[in-house]
Amino acid sequence: MSKLRDKLRIFDRIDAGEHVHVLALGSSNTEHFMVGAHWFDYVNMGLMHTYRKWTSDRSSVDNPALCLNAGTSNNTTGELLARFDRDVAPFKPDLLILTAGINDANPNRNVTTGMTAANLIEMRRRVNSWGGDVLFQTYYCCDYEKFRAEAPQWADNYEPYLEVIREVAGEYINDNYVRWKRLHDYDIKAFRLLMRDYLHLNPIGNAVIGLDLVRLLELKLPDENLPWINGGVFARDCMDLLEKLDTGIDKNR
């Protein structure tokens, strides 16, 4: 099976000297609504440090990728589709990172799994129509104990709607849920150190998602950044260790 990075046409375009657009679309997981670095910032920095172009005398620089965040809290996939022509289509992103579906799982929103699948497929169709690709993301694990105390039916729907995302995405996916669920089950106190509340990440949790995406897309972050993101690096490495112990897979190979 070829690597995901090799399937994404954006990297061929960057190598060919083209300027590209990367856009993040989703709900509160994507909207940059609180202070601190967001997971999409890591993608932006990774593209910058991997592909930025200096003049020969290093007096000036250009970045080949423009990163745009189109997240809006509480959106369902239907609401994302409704604003697609306003917030996505004008930019014709070469890569759309789409993290959507969990608000659909809220029974009060009256969105079936079939409707979710159809909306995700339609957004991918539109991006593909101009030659772009969609990288789907599953959500990280929620804090089930606290979530079920507040919204038990929504919590019960969490995993079934995640499975819809997986089925639509196929190989074009960053599956956050499995590794976050492993930490949740192993050490709930450590898990909660990465969460703002039972459904949202704090800056350290955002760093883990961002660092995972940087690795998945084979981007680079200079080591000089590490002292400022040491909590995220440590949390990511702990999750890697749990995965290695659980599956025998070494993420660094």
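This is a predicted model: local features need pLDDT of at least 70, side-chain atom pairs count only at pLDDT 80 or more; totals for chains, interfaces and linings use all residues.
Me: What is the strand order of the open sheet?
Reply: The order is β4-β1-β5-β6-β7, and the pairing of these 5 strands is parallel.

Me: Which strands stand at the edges?
Reply: Those are β4 (65–69) and β7 (173–175); each has a single partner strand, so one side of each is left without a neighbour in the sheet. On average, neighbouring strands are turned by 15 degrees against each other, direction ignored.

Me: And over how many bridges do β5 and β6 pair?
Reply: Strand β5 (residues 95–99) and strand β6 (residues 133–138) pair over 4 bridges, in the parallel sense. Within β6, aspartate 133 stands opposite leucine 95.

Me: Which strands does α6 touch?
Reply: Helix α6 (residues 113–129) packs on the sheet and touches β1 (20–26), β5 and β6. Its direction makes about 150 degrees with that of β6.

Me: Where does α8 lie?
Reply: Helix α8 lies across β6 and β7, at about 155 degrees to β6. The axis of α8 (residues 152–169) also comes within 11 Å of that of α9 (residues 176–186), and the two cross at roughly 145 degrees.

Me: Which residues make that contact between α8 and α9?
Reply: From α8 they are Tyr158, Glu159, Leu162 and Arg166, and from α9 Tyr177, Val178 and Lys181. By class, 4 are nonpolar, 3 are charged and none is polar.

Me: Turning to the largest nonpolar core, how many residues has it?
Reply: It has 77 residues, and Tyr158 is among those with the most contacts inside it. Helix α8 gives the most to this core, with 9 residues.

Me: What is tyrosine 158 in contact with, leaving aside its neighbours within four places in sequence?
Reply: Its contacts include Ile102, Tyr139, Phe147, Tyr177 and Leu199.

Terms used:
Residues are numbered from 1 along each chain as its sequence is written. Side-chain values use heavy atoms; hydrogens and water are left out. Axes are lines fitted to C-alpha atoms, for helices over the stretch in contact, and angles run from 0 to 180 degrees between N-to-C directions. Contact means heavy atoms within 4.5 Å. Ala, Val, Leu, Ile, Met, Phe, Trp, Tyr, Cys and Pro count as nonpolar, Asp, Glu, Lys and Arg as charged, and the others, Gly among them, as polar. A nonpolar core is a set of buried Ala, Val, Leu, Ile, Met, Phe, Trp, Tyr and Cys residues joined through side-chain atoms within 4.5 Å. Buried means under 20% relative accessible area, exposed over 50%, partly exposed in between (1.4 Å probe, protein chains only). Two strands pair if DSSP finds at least two bridges between them.
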